[in-house]
Amino acid sequence: MVMTMRWFGPGFDPVTLEQIRQVPGVTGVISTLYNKQPGEEWKSEEITALKNAVEKADLQLSGIESVNIHDAIKTASPDRDRYIATYITTLERLGQAGIHLVCYNFMPVFDWTRTELAKVRPDGSTTMAYDQSIIDTIDPDNMQALIERQSNGFMLAGWEPERLAKLGELFALYRDVDEKKLFENLCYFLNCIMPVCDTYDINMAIHPDDPAWPVFGLPRIVTGKKDLLHLMEGVKNPHNGVTLCTGSLGTNPKNDIPDIIGSLNGRIHFAHIRNLLHTAPGKFEESAHLSSDGSMDIFAIVKALHDIGFEGPIRPDHGRNIWGEKGMPGYGLYDRALGAAYLNGLWEAVEKNS
Ligand code: CS2
Ligand code: MN
C-alpha cells in the first residue's frame with residue numbers, strides 16, 4: 001500500500017504540502033482541482049501545475065478525488081453524452097499526466113451528509129456526526145445552510161453552493177430516477193469511459209454512499225457488499241473498481257467490512273480508513289481512528305487489506321479537530337496525521353507477523 005493524505009490544493013487547504021511531507025510514512029497526496037464544477041473540463045496545464053506543486057514538495061500525486069459527475073449523467077438527461085464526452089477528455093488529460101486513479105461517487109444531489117460538523121466529544125475534540133432522526137425533520141432546502149453554518153468558512157467537498165442553489169430543479173431531475181435507473185445510468189457511464197481507462201490504465205474507484213441508506217427519499221445504490229458486487233458484475237472491466245471507505249460502509253453496522261474486502265479481490269483501487277462510534281440506530285459520530293475509540297475493528301480492516309495484497313493508496317479519511325485546530329471539518333492536519341501513523345503501525349505489525 002501507499003500511505004497518502006487528501007490535500008485540497010493551494011488557496012483551499014490550510015494544510016500545506018510541507019506539513020504532509022513530515023507525517024511519517026506518507027509519500028503521496030490525493031488531490032483535485034477543487035474549483036471545478038461537475039461537468040467542467042479540466043485543462044492539461046491545470047493538471048500539470050497541480051502535479052508539479054505536489055512533486056516539488058517531494059510527494060507523489062497518487063490519485064484524484066474527485067472528478068465529480070454531472071447530474072445529467074446520473075439522471076440520463078438528454079445532454080448526458082455531452083457531459084460524458086467532457087469527462088472522457090478530462091480522463092485523457094489525467095492519463096497523459098500519468099495519473100492512474102480517479103475516485104468519484106454516484107450519489108444523487110447530496111454527497112456525504114452529516115447533521116453536525118463540530119460535535120464536542122468528551123475529550124474536548126470536535127467531530128462530524130449524523131442523526132437520522134434530525135434528518136427526518138429537516139427540509140432538504142435547509143441542508144446547504146446547515147452545512148455552511150458549521151463549515152468554519154471552508155468550501156466543503158460535494159457541497160458546491162453554485163450547484164445546490166438550484167435544489168428544486170435538482171430534485172425534479174431525480175423525480176423518475178429509482179435505484180434501477182440510477183444503476184443503469186452508472187453502468188452506461190462506465191461503459192462509455194472504460195476505453196479511455198484501458199488506454200491510460202486509469203482505475204475508476206467509486207466511493208460508497210454516505211450514509212449507506214437513502215436520504216431525503218433519493219435512491220442509493222452503493223451501500224454494501226451486494227451493491228458493490230452487482231456493480232463489479234455490471235461492468236466487468238477491472239478498471240471499474242471501488243474506493244473502500246470504511247466510514248461510509250460502516251454507517252450500517254451490518255456491513256462486515258473485512259468480508260467485503262475479501263469479496264472484492266482485485267477491484268479495490270483505493271482505501272479510506274476511519275472509525276465511527278454508533279450511539280443509537282441511525283446515529284453515529286466520527287471517532288479517532290483507534291479501534292477502541294469507535295465501533296469498528298480497524299486492525300481487522302487493515303489485516304484484510306494486507307491479506308488481499310492491496311497495493312493501492314490508503315488515506316486516513318476524516319479526522320476530528322484536536323489541539324485547538326480550526327481546520328476544515330473532517331480534514332484538519334493533526335488527527336489525520338495521528339490516523340496515518342496508527343494505520344502505518346498496524347500495517348507494519350501485520351506485515352511482520354505474516
Ligand atoms: C469524502 C467524500 O469527505 C468525504 O466524506 O469521503 O466526500 C468523497 O470525497 C466523495 O464522495 C468522493 O467522490
Ligand atoms: Mn471516504
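**Ligand shell, barrel and sheet in a predicted model**

Ligand 1 is surrounded by 15 residues, the closest being Ser66, Asn105, Trp112, Ala157 and His207; a residue is near a molecule or strand if its C-beta atom, placed from the backbone, lies within 6 Å of it. This is a predicted model, in which local features need pLDDT of at least 70, side-chain atom pairs count only at pLDDT 80 or more, and totals for chains, interfaces and linings use all residues. Residues are numbered from 1 along each chain as its sequence is written, while chains are lettered from A and ligands numbered from 1 in the order in which they are written.

By residue type, the shell around ligand 1 divides into five nonpolar, six polar and four charged residues. Here Ala, Val, Leu, Ile, Met, Phe, Trp, Tyr, Cys and Pro count as nonpolar, Asp, Glu, Lys and Arg as charged, and the others, Gly among them, as polar. Strand E4 (residues 101-105) contributes the largest share of this shell, three residues. Helices (H or I, at least four residues) and strands (E, at least two) are DSSP runs, numbered from the N terminus.

Ser66 itself lies in the loop between E3 and helix H3 (71-75). A cis peptide bond also links Asp210 to Pro211, with omega near 0°. Pro211 sits in the loop between strand E7 (203-207) and helix H10 (225-234).

The barrel comes next. Eight strands close into it in the order E1-E2-E3-E4-E7-E8-E9-E12, with parallel pairing. From one strand to the next the twist averages 30°; axes are lines fitted to C-alpha atoms, for helices over the stretch in contact, and angles run from 0 to 180 degrees between N-to-C directions. Two strands pair if DSSP finds at least two bridges between them. Strands of a sheet pair through backbone hydrogen bonds, either parallel or antiparallel.

Strand E1 (residues 2-6) and strand E2 (residues 28-31) run parallel and are joined by three bridges. Within this pair, Thr4 stands opposite Gly28, and Arg6 has Ile30 as its bridge partner. E2 also pairs with strand E3 (residues 60-65), in the parallel sense and over four bridges. Gly28 has Gln60 as its bridge partner in E3. E2, helix H2 (residues 44-56) and E3 together make a right-handed β-α-β unit. A crossover is right-handed if, with the strands pointing away from the viewer, the path from the first strand over the helix to the second runs clockwise.

In a regular strand the side chains alternate between the two faces of the sheet. In E2, Gly28 and Ile30 point one way and Val29 and Ser31 the other way, and all are buried. A residue is buried if 20 or more other C-beta atoms lie within 10 Å of its own, exposed if 12 or fewer, and partly exposed in between, with C-beta atoms placed from the backbone.

Strand E6 (residues 126-131) pairs with strand E11 (residues 283-286) in the antiparallel sense over three bridges, and Tyr130 stands opposite Phe284 in E11.

Two loop residues have a backbone feature to check. Val109, in the loop between E4 and E5, has a positive phi of about 60° although it is not a glycine. Val109 is buried because 20 other C-beta atoms lie within 10 Å. Asn152 likewise has a positive phi of about 60° and is not a glycine; Asn152 is found in the loop between helix H6 (143-149) and helix H7 (161-164). Asn152 counts as partly exposed because it has 16 C-beta neighbours inside 10 Å.

Leu167 lies in helix H8 (residues 167-173) and, with 17 C-beta neighbours inside 10 Å, counts as partly exposed. Not counting residues up to four places away in sequence, Leu167 touches Pro140 and Asp141; two residues are in contact if their C-beta atoms, placed from the backbone, lie within 7 Å. Val350 is in helix H14 (residues 333-353) and is partly exposed, with 16 other C-beta atoms within 10 Å. Leaving aside neighbours within four places in sequence, Val350 is in contact with Val302, Lys303 and His306.
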